[in-house]
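Welcome, and thanks for taking a look at this one. Please have the sequence and the model open side by side as you read.

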Amino acid sequence: ADEKGKYMDKPAEMSAGVRRISSVAHPTMIECDVVVKTSVMANEAKMTAEGGKDGEEIYKTTTNAEEKKDDDEIDFEISSVNHIAFIVSDVGRSITFYSGVLGLQQVKRPNFDRHGAWFTGGNVEIHLILGNPLAPPRSTKGLEANAIWFVVENFDVAKANLTELSATSDEDLQLEMSSENDDEQFATCRDPDGYVFGICAK
């Protein structure tokens, strides 16, 4: 209603979006569907009431174009891991670690412009690319760093092999052992650039 108490001929033009209304000027507004014309894209807008805080009503308007956009959207769904890439400072040194310590199998790599190497093991591929590494600081504990975790068939055998390699390798594997209990044991080690890899049992 206007200042004189008479109702206006037509409702004021509204823009699409969320309207927060603290009170209702006309009681029947909460009992009927309100259809207004919106200036946004000249589409019909439907206004529906939703519960708000302290008894307020939140009115949300949606346009035909917005509803059509929602219908056309495609869900983002990941089906599998293609590969994990690491930037390494020395491809030769890294090859020794990934094949000799982690036991991954080196596979043929396309002839890219940048030097690198590809490995496969289990259900994942690891790609090495020559460049400037961005590994976590060596002062960070293995369990507190970003890491790739591998499951092994026999943790005791893997632990013994890693312990021996750590003692004889020219590289600092920074081997760390930890356990929650006798059934849950973990080990972490690092490649020449400091990337962290975890080993755990099934």
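Here is a short tour of the overall chain, its aromatic rings and one histidine. Please keep in mind that the model is predicted. The protein chain holds three helices and 12 strands.

**The chain as a whole**
- Of its 202 residues, 25% count as buried.
- Among contacts with a separation of 6 or more, 55% join residues 24 or more positions apart.
- The accessible surface of the protein chain is about 14,400 Å², and carbon and sulfur atoms hold 49% of that.

**Aromatic rings**
- Searching the whole structure turns up nine aromatic pairs.
- In the pair of Phe-97 and Phe-197, the ring centres are 5.9 Å apart and the planes meet at 45°, so this pair is tilted.
- Phe-97 belongs to helix α2 (residues 91-100) and Phe-197 to strand β12 (residues 196-201), so their pairing ties together parts that are 100 residues apart in sequence.
- Phe-97 and Phe-197 are both buried.
- Ring pairs also join Phe-97 and Phe-197 into a cluster with Phe-86, Tyr-98, Phe-119, Phe-150 and Tyr-195.

**Around His-83**
- You will find His-83 in the loop between α1 (64-72) and β5 (84-88).
- His-83 has a relative accessible area of 34%, so it counts as partly exposed, a class that lies between the 20% and 50% cut-offs.
- The side chains of His-83 and Asn-82 make a polar contact at 2.7 Å.
- Setting aside neighbours within four places in sequence, His-83 is in contact with Glu-125 and His-127.
- The C-alpha atoms of His-83 and Val-124 are separated by 6.2 Å, although these residues are 41 residues apart along the chain.

Conventions: Residues numbered from 1 in each chain as written. Predicted model: local features only at pLDDT ≥ 70, side-chain atom pairs only at ≥ 80, totals over all residues. Heavy atoms only, no water. Helix = DSSP H or I, 4+ residues; strand = E, 2+ residues; numbered from the N terminus. Buried < 20%, exposed > 50% of the residue type's maximum accessible area, 1.4 Å probe, protein only. Contact = heavy atoms within 4.5 Å. Polar contact = N/O pair within 3.5 Å; in protein donor to acceptor, adjacent residues only side chain to side chain. Areas by Shrake-Rupley, 256 points an atom, 1.4 Å probe, with all protein chains shown as cover. Phe/Tyr/Trp six-rings, centres within 6.5 Å; stacked < 30°, edge-to-face > 60°.
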